[in-house]
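Welcome to this guided tour. Please open the structure in your viewer and keep the selection tool at hand.

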Amino acid sequence: MGDAHPLLAALSGARHGALHRRVLLTVSAMFFFDLADLNTFAFAAPAIRRAHLFTVDDVAFVTALAFAGMAAGAILGGRFADHVGRRRVMAGSVVLFSAASVGNALVTGVGAMAAARFATGFGLGAMTSVAITYLSEVTPAARRGRAQATALGTGLIGIPVVAFTARGLTADDPGGWRALFVIGALGILLVPLLMRLPESPRWLLARGRTTEAVQVTRAFVPDWEPSADALVVPPAPADRPRFPELFAAGQRRNTVALMVLWLFGLVGFYGFQSWVPTLLADHGQDFAKSMTMSAVTTIGAVPGAFLAWPFIDRYPRKHLAVVLGLVVAVLGIGYGLSSSVVAVVIFGTLVAALSQTFIAVLYSYTPEVFPTRLRTAGAGLGNGVGRIGNVIAPLVVAAIYTTPGLGYVAVFVFIAGCWLVATATVFFFGVDTRGRSLETLHDAAAAPVASAAPVSQRIAGE
């Protein structure tokens with residue numbers, strides 16, 4: 001089918017206009033609060049341990065519950081967005097994680113903190129899976145990768161903001177950790193902007209709402225004059241999207257590969273990001289110095305995501321992911337073996353930078369291999385499986401770190417191994433999605449299924 005429907009062709013081939021920029025600005029701001037809130041506990045944990053006597057196992061438990069919330073939010077939020085639309089779920093998820101962040105600041109017990117982080121994680125997981133899908137669906141094909149890299153890079157500014165704020169608030173006053181969670185709560189200010197964004201025209205068309213889809217497409221592509229074919233209403237879907245369709249013939253390989261890629265990629269990423277402040281503080285470093293070192297290394301994350309910008313739409317995402325995964329694994333081992341402050345900062349900054357370049361590629365790649373009717377469900381499943389891995393990973397990291405004969409260096413060997421598994425998965429099972437329309441990609445993945453259906457039905461399914 002390709003871009004047989006004129007509306008889909010117009011969206012894929014559009015110039016990047018004013019509405020595209022407004023969408024990108026709003027999604028970038030969402031990611032700022034998302035990533036600030038996601039990393040708040042990692043930087044608050046050392047101060048919470050001092051003020052409230054949390055153990056390493058307590059930190060692991062709270063971190064695991066946060067990722068459990070993200071897993072549930074990604075999977076359920078993704079499924080829900082395929083039924084009710086992208087915009088509503090994005091707005092609802094921002095309200096949830098903003099409110100839950102306030103709850104984080106008001107509790108002190110391990111159980112209460114874990115519950116608050118679960119609720120926060122649920123909102124963050126739903127927002128991420130739906131936001132990367134929405135951005136992919138409304139952005140021209142030639143700029144999808146750069147749009148995802150820009151949104152992620154802008155959002156990553158939230159991590160050093162939290163890190164340096166934590167350094168200033170908690171170095172001399174461990175009780176200052178409560179103020180950190182206010183940053184994530186400010187995400188509520190974005191809800192009015194979100195409600196002003198249009199719904200995804202691809203989702204509207206897939207639901208048989210052609211008139212609305214045409215109106216929204218004209219807002220994205222002002223010089224587009226819809227032909228009579230663009231106004232033809234495709235048959236309404238006979239049934240709602242079903243989860244098992246993700247594992248149907250033609251789609252199963254991509255779905256399983258993405259699940260494995262997200263699982264090991266996020267375990268490697270957050271295994272490093274979430275534990276570095278606590279491990280440095282316990283590894284003989286002065287508390288204030290460890291917080292400063294952790295904060296400095298996070299600066300690399302921001303240019304790391306933007307580093308993908310010149311390359312992500314020029315080279316196959318598959319090849320970029322393989323190179324980046326190998327490099328990050330090597331740098332992670334170098335970090336674990338380093339003892340001087342200079343080496344720790346250099347290796348840590350490089351890991352923070354290039355792992356975010358990898359995540360930018362992953363964010364771009366994920367929604368591209370699912371049809372519209374299943375896109376947020378597929379993106380949410382991959383993201384959710386990654387977060388499920390993160391439920392277990394903090395406990396594994398804690399066990400490795402506290403086991404006699406293993407300890408600090410072994411943690412980073414484990415993290416590097418996770419990156420290598422993710423790299424092998426994308427090398428053997430990844431597909432090239434660069435610059436291709438979402439509909440063409442779907443047809444390539446599901447040709448055996450789609451070829452048996454009438455064209456009108458396949459358009460509705462897109």
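**Stop 1: a pocket**

The second largest pocket has a volume of about 180 Å³. This is a predicted model, in which local features need pLDDT of at least 70 and side-chain atom pairs count only at pLDDT 80 or more, while totals for chains, interfaces and linings use all residues. Residues are numbered from 1 along each chain as its sequence is written, and side-chain values use heavy atoms, with hydrogens and water left out.

A word on how such a place is found. Rolling a probe the size of a water molecule over the atoms shows where empty space is left. On a 1 Å grid over the protein atoms alone, a pocket is an open set of points where a 1.4 Å probe fits, with protein on both sides within 12 Å along at least five of seven lines; lining residues have an atom within 4 Å of a point. The volume is the space filled by probe spheres set on the points, which are joined across faces, edges and corners.

Now select the lining: Val84, Arg87, Arg88, Glu199, Trp203, Leu204, Arg209, Glu212, Gln215 and Val216. How do these residues of the lining divide into nonpolar, polar and charged? There are 4 nonpolar, 1 polar and 5 charged. Here Ala, Val, Leu, Ile, Met, Phe, Trp, Tyr, Cys and Pro count as nonpolar, Asp, Glu, Lys and Arg as charged, and the others, Gly among them, as polar.

Which helix gives the most to this lining? Colour α11, which supplies 3 residues. At least two residues each come from α4 (86–106), α10 (201–206) and α11 (210–220). Helices are DSSP runs (H or I, at least four residues) and strands are DSSP runs too (E, at least two), numbered from the N terminus.

**Stop 2: around the pocket lining**

Select histidine 83, found in helix α3 (residues 56–84). Histidine 83 is buried, with a relative accessible area of 19%; buried means under 20%, exposed over 50%, and partly exposed in between (1.4 Å probe, protein chains only). Not counting residues up to four places away in sequence, histidine 83 touches Trp203, Arg240 and Pro241, where a contact means heavy atoms within 4.5 Å. Trp203 is one of the pocket-lining residues you have already selected.

Next, pick arginine 207 in the loop between α10 and α11. Arginine 207 counts as partly exposed at 22% relative accessibility.

**Stop 3: salt bridges**

How many salt bridges does a search of the whole structure find? The search finds 12, each being a side-chain nitrogen of Lys or Arg within 4 Å of a carboxyl oxygen of Asp or Glu.

Begin with arginine 86 and glutamate 137, whose side chains meet in a salt bridge (2.7 Å, N to O). This pair links distant parts of the chain, with arginine 86 in helix α4 and glutamate 137 in helix α5 (residues 110–138), 51 residues apart. Arginine 86 is buried at 0% relative accessibility, and glutamate 137 is buried at 0% as well.

Move on to glutamate 225 and arginine 218, joined by a salt bridge of 3.4 Å, N to O. Are these residues buried or exposed? Glutamate 225 is exposed at 58% relative accessibility, whereas arginine 218 is partly exposed at 35%.

Then select arginine 373 and glutamate 245, a salt bridge with its closest N and O atoms 3.0 Å apart. Arginine 373 lies in the loop between α16 (341–365) and α17, and glutamate 245 in the loop between α11 and α12 (252–282), so the pair ties together parts that are 128 residues apart in sequence. Arginine 373 is buried at 14%, and glutamate 245 is buried at 19%.

To finish this stop, show Arg144, Arg146, Asp313, Arg317 and Glu368 together, as they are linked in a network of salt bridges.

**Stop 4: alanine 379**

Find alanine 379 in helix α17 (residues 375–402). Alanine 379 is buried, with a relative accessible area of 0%. Leaving aside neighbours within four places in sequence, alanine 379 is in contact with Ser129, Thr133, Thr366 and Phe370. Proline 367 is 12 residues from alanine 379 in sequence and 5.6 Å away in space, C-alpha to C-alpha.

**Last stop: the whole chain**

Zoom out to see 20 helices and 0 strands. Buried residues make up 61% of the 462 residues in the chain.
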